[in-house]
Structure formats: structure tokens, C-alpha cells
Amino acid sequence: MTIEAALRARIARTSDRAALRRQRLVFDAGHGGVWTVDLRRGEARLSKGRARGAAATIFADAATMTSVLEGRLAGVQAFLEGRLFLRGNIALALELDDLLPPATRDPRAPRCHRIVADGLQSFYLEAGQRGAPPVVLLHGLGATGASFLPTLWDLSRDHHVFAVDLPGFGESDKPVRPLHPAYFAKWLVALLDAVAVDRAHLIGNSMGGRIALEVGLRSPGRVDRLVLLAPSLAWRRYRAAVGLVRLLRPELGALPLPILHRLVLRSLRSIFAHPERVPVAAMSAAADEFVRVFATPRGRIAFFHAAREIYLEDPHGATGFWDRLPSLTPPAYFVFGGRDWLVPRSFVRHVRDALPAAECDVFPDCGHVPQFEEPERTHTRVREWFRT
């Protein structure tokens, strides 16, 4: 089947969900040709060539593009293998199988959902078989659920996996309010209720790790096991700017603040010990997602609210993180990167003091995002932890 024939077959199966979207996607197969799909009024229209104003562009060689369009190869697998590239709105590209369904679909390929949790429209990816052990993936500051695509793809073989966009990020609503761990924890419990999941394993990276811990502290009955990948924990030092940060208002983010893709890309590369380990497609797509969300006033305000709460969290006292941590009851597994400049490995000793029963690992030659930089090692250890 040709690429054009595969696209026409997909368009013939346009789902009812497409009626809610007004978007343009470009499929670029290089020498194999370029096509544009327009979604409008519940219909999909195909045209030859590249139209302007595309929300998302999908790049692949002709053979890969055809395999993905026919459903013989999951787009996420091709993306993680560096055979397919995405630019623009990665969430829209991930929704392609929902809007223009393939004839067959790998159960590990993510399905996109929008539901109301705690009064907010909330976006999440779902993969794997319902009835399998549930796992919820919680991303870090400035990221989205797509930052866990390697974990979603690996665990969905035998788990029911949810990768969420936290409030304020990605496709979820962006409330103008303080975004602290307690708020996120309350929202996550509401989301578990909305998807009819009683208990789940929680895996969090960076800010998502701190949120997972908060759910374990506040609602331990909803948590099986915790995996904390370079979790952002309350600062014990470098707190001289607390007074100044309290005075700064995140709502100033409503003012225009242009940001360049290349600068975001440079910042992203800096959080990996070896950025060359991460597929170029994944790095560019992550930068696109950040720029897209940060370009909106509410996206900027949410980012600054969440960053502010991370820095201002009290380390000690009645509500202090480190004094509360010993009361954590769900089993916890911590992973720190030996070359992570955001969450230093020195936190290991503080975690061991507070939680002697917790398991801690340091990946010596890893940065801040183990699931992308060392996916095989990370997922092997996660599976071992779940089986313990």
C-alpha cells in the first residue's frame, strides 16, 4: 500500500472524536512525498503537499511511514527507535490513532483521554490491558506525560499504564493558583477515582517524584509502591533567596516572554549526563512541547507557580518535608543520577536517614531523566522493585 492510500484508509475511518478538533497535520516522507490532513467539522481532508499552519508534522522514511499508518508499527515504537520524528504539538500527533484509527492497533500504543478530575479538564495517555496492575506516571516541571513514553512502552506489556499531564502542563487545564505537592496529590486522587483505579504503583520523575511522595503521605491506601526518579525534594541549603522568591508573583508570567527553541534545547541537553544517548527526535519534541505551552500566559503562570513552590517548600517543622517523610508507609525506591546537577546524589543520605527501609540507587553516569537516558537499566530495576 502507498502512503497516500494508507492515509486515505485512515481518513475513511475518521472517528467521532475528530468532530471536536480543528487541526492540520503534515506527513513528510521525504522523497516518498508530503501530504496534509485537515480536520474540520468532524471530517478529514487529504491534500498533496505541505500546507501552512500545521499544528504537528510527522517525519519518517516511506517504509516507516507506511508501516505506522497501516498500524503494523506503533508510532511510539518508531519514535523511540529514532525512525520517526515529531515537530509541533506532540499531543496531537499522539492522538492520531484516536482521531484517524488504524485497521489494527497495538495494545501498547497509547490512547489519549480527556476527563474531568477535581474540576479540571485533565489529559492522560493510557496503554496496556485493563485489569493488569495499574501504574501512574508523573512528569517533572515543564514536561508532559510524553516524557515517560519509554516507561509507558516498556511497562504496558504487562501493566495498565497512565501517563498524565499534571494541572498547569501539557494539554491539561492551567489553574491560576499555587501548584504545590498537596494540590497535585488531591488532584491525582480525584483522577484515580475518575478512571476507577483503587490503588496503583506511582512512578514520578523530578517534581513528579515529589508529588508521588505526597500522595503516599496523604493517601497511602491508594498507593502500592513508589518509584522516585531523581525526585525534587525540599531544599536544605541554598535558601538565601526565600524572602525574595516569596515577593515575586507568578502572575507576572501573563506578560509576554518570548523564548527560543534553541535555548530550550540547550537547557534540556544540560540535564543529561550524555545527551547523545537520547534520540534527537525525543529531544526536539520535548523542546517543542515546552515552547508551545510556555507561549501561553496560563502556561507561563503555571510554570512559575510550580517552580516557586518547589523552592519555597519548608524542609523542617510541623509541615516540613523532611520531618514528615519518616511517616511514609508505601514501599519506596529512589533513583538518583550521579551526574544530576538539579537533584544531587547527596540527597541519598538524607533519604536513608528518614526512611531506613527505602531502597536507594545511584546511577553513576546518569543525569536527571533516567527513563530516557538509561531506559533499559531503569525499567529493569523498576520491574524488580514491583516484583519484590
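User: How do the residues lining the second largest pocket divide by class?

Analyst: That lining has 3 nonpolar, 2 polar and 8 charged residues. Here Asp, Glu, Lys and Arg count as charged, Ala, Val, Leu, Ile, Met, Phe, Trp, Tyr, Cys and Pro as nonpolar, and the others, Gly among them, as polar. This is a predicted model, where local features need pLDDT of at least 70 and side-chain atom pairs pLDDT 80 or more, while totals for chains, interfaces and linings use all residues. Residues are numbered from 1 along each chain as its sequence is written, and side-chain values use heavy atoms, without hydrogens and water.

User: What makes a space a pocket, and what makes it a cavity?

Analyst: On a 1 Å grid over the protein atoms alone, a pocket is an open set of points with protein on both sides within 12 Å along at least five of seven lines, whereas in a cavity a 1.4 Å probe fits but cannot get out; lining residues have an atom within 4 Å of a point. The second largest pocket holds about 280 Å³. Among its 13 lining residues, His 180, Pro 181, Glu 313, Asp 314 and Thr 319 are the closest to its centre.

User: Which residues lie nearest the centre of the largest cavity?

Analyst: Val 68, Gly 75, Val 76, Ala 93 and Leu 94, out of 18 lining residues. By class, that lining divides into 15 nonpolar, 1 polar and 2 charged.

User: How is the volume of the largest cavity defined, and what is it?

Analyst: A volume is the space filled by probe spheres set on the grid points, which are joined across faces, edges and corners; for the largest cavity this gives about 230 Å³.
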